[in-house]
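Have your viewer open and try each task before reading on.

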Amino acid sequence: MEKNKETDEIEKIGEAEKKEYQAMLLKNRVQKKFRVLRKWARKNLVTCFRLYDRDIPEIPLAIDLYEFLPEEIRSAEKAQAFVLSQAKDESQNIPGAARKRLSRTYLKIFLYERPPQHQKSESEEERWLLDICASLSDTLGIERSHIVCKTRRHDKGGAQYSKNSSGKNAEISARQNSSPQIAGNVFENGSIFFVNLSDYLDTGLFLDMRGMRALVKKCSQGKRVLNLFCYTSSFSVAAAAGGAAAIESVDLSNTYLEWSKKNFFLNGISGKSEFKFFRSDVFEFLEEAIRGRKKFEIIILDPPTFSNSKKTRGDLDLNRDWSALANLCLKILDENGALYFSTNSRRLSFDKNLLEECAHLETREITQETIDADFEQKRSHRAWEIKMSQHKH
């Protein structure tokens, strides 16, 4: 295999040569993938995608590329027209078109914690990462000040829901600490989303869930939609774009509910009484919805793998608790509805028999159809569609 060959070559050389060789491997890999994915992104009207995902074991990085929309673009319609126009200009080699795009292009790099035998000191890691940033800047023509790096560590808790202020997840970046916030709007499948690359571990938009968002958009026409653990409500935006009749978005964080409302505003769907936001523990919300005899035709259940917020009545361990959550959702699912359950946990064991009245349910794994081109090699999530069996009706 290619990976083993590269690993063998890396292990044979000294430290300085090793660093140089790794930079060369990454450069070649990124150049190749960028050519392919840039064409795919233009065709699919996507301005952010994953460029590299730990393809080479000794380079444990995930690299996401974001092309921000110009600040004056303030509606989904104008955004789509702009993206189409930009693609046309570049395909016709209009002078300056590529340079303008690059001036609005950023990289978000996640450094994954190395296994103990390959760990470096903090200073070594920072030097290594800065060298990688310099190489990527040269390779892609992106300003070094437009490259933001974060470290992902193996710790429990809702890391994606926390601001990045602790020393543990401190930013290692090519930009200066005094530099301003790096944030902007991106475009995907007809909708605008606000992303923040600098202040949080995650950006506000999970790129691997793009296919799931497209699926929700496709099947939301006229439906009552519930989005649990909504984060910044990208699923809710997709449902609204698909013509949902009513949407309820639930999260514990005021910060992310405000971010959700910003996304709704950007897409011209804010202020509608049928689109509601709830700050609540999901278990409590579901129990209240059951008591109130609420019904939804689409329920989106995409929880964090772990959460230990003080605002909840107990820790969430999805590997343990997924069936309890799903069973509560099924109690408020319309008989003609669908529950869409997804997870990033590789350890979760999905067993239909843990669902109440499982004999009357139809479950279908939909992982493959929700994986886009930039995640084909490293599937970062699994997903299922759960419906009431037609035989029960």
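**Exercise 1.** Find the ring that the charged end of arginine 54 sits over.

*Solution.* Start with the rule: NZ of Lys or CZ of Arg must be within 6 Å of the ring centre and within 35 degrees of the ring normal. For arginine 54, the ring is that of tyrosine 112, with the charged end 3.8 Å from its centre.

A word on the model: it is predicted, so local features need pLDDT of at least 70 and side-chain atom pairs pLDDT 80 or more, while totals for chains, interfaces and linings use all residues. Residues are numbered from 1 along each chain as its sequence is written, and side-chain values use heavy atoms, without hydrogens and water.

**Exercise 2.** Count the aromatic pairs and classify the one between tryptophan 322 and phenylalanine 341.

*Solution.* Rings of Phe, Tyr and Trp (its six-membered ring) pair if their centres lie within 6.5 Å; planes under 30 degrees apart are stacked, over 60 edge-to-face, the rest tilted. The count comes to 15 aromatic pairs. Tryptophan 322 and phenylalanine 341 are 5.7 Å apart centre to centre with 15 degrees between the planes, a stacked pair. Tryptophan 322 lies in helix α10 (residues 318–331) and phenylalanine 341 in strand β13 (residues 333–343), so the pair ties together parts 19 residues apart in sequence. Helices (H or I, at least four residues) and strands (E, at least two) are DSSP runs, numbered from the N terminus.

**Exercise 3.** Which residues do ring pairs link into a cluster?

*Solution.* The cluster holds Phe194, Tyr200, Phe206, Tyr231, Tyr256 and Trp259.
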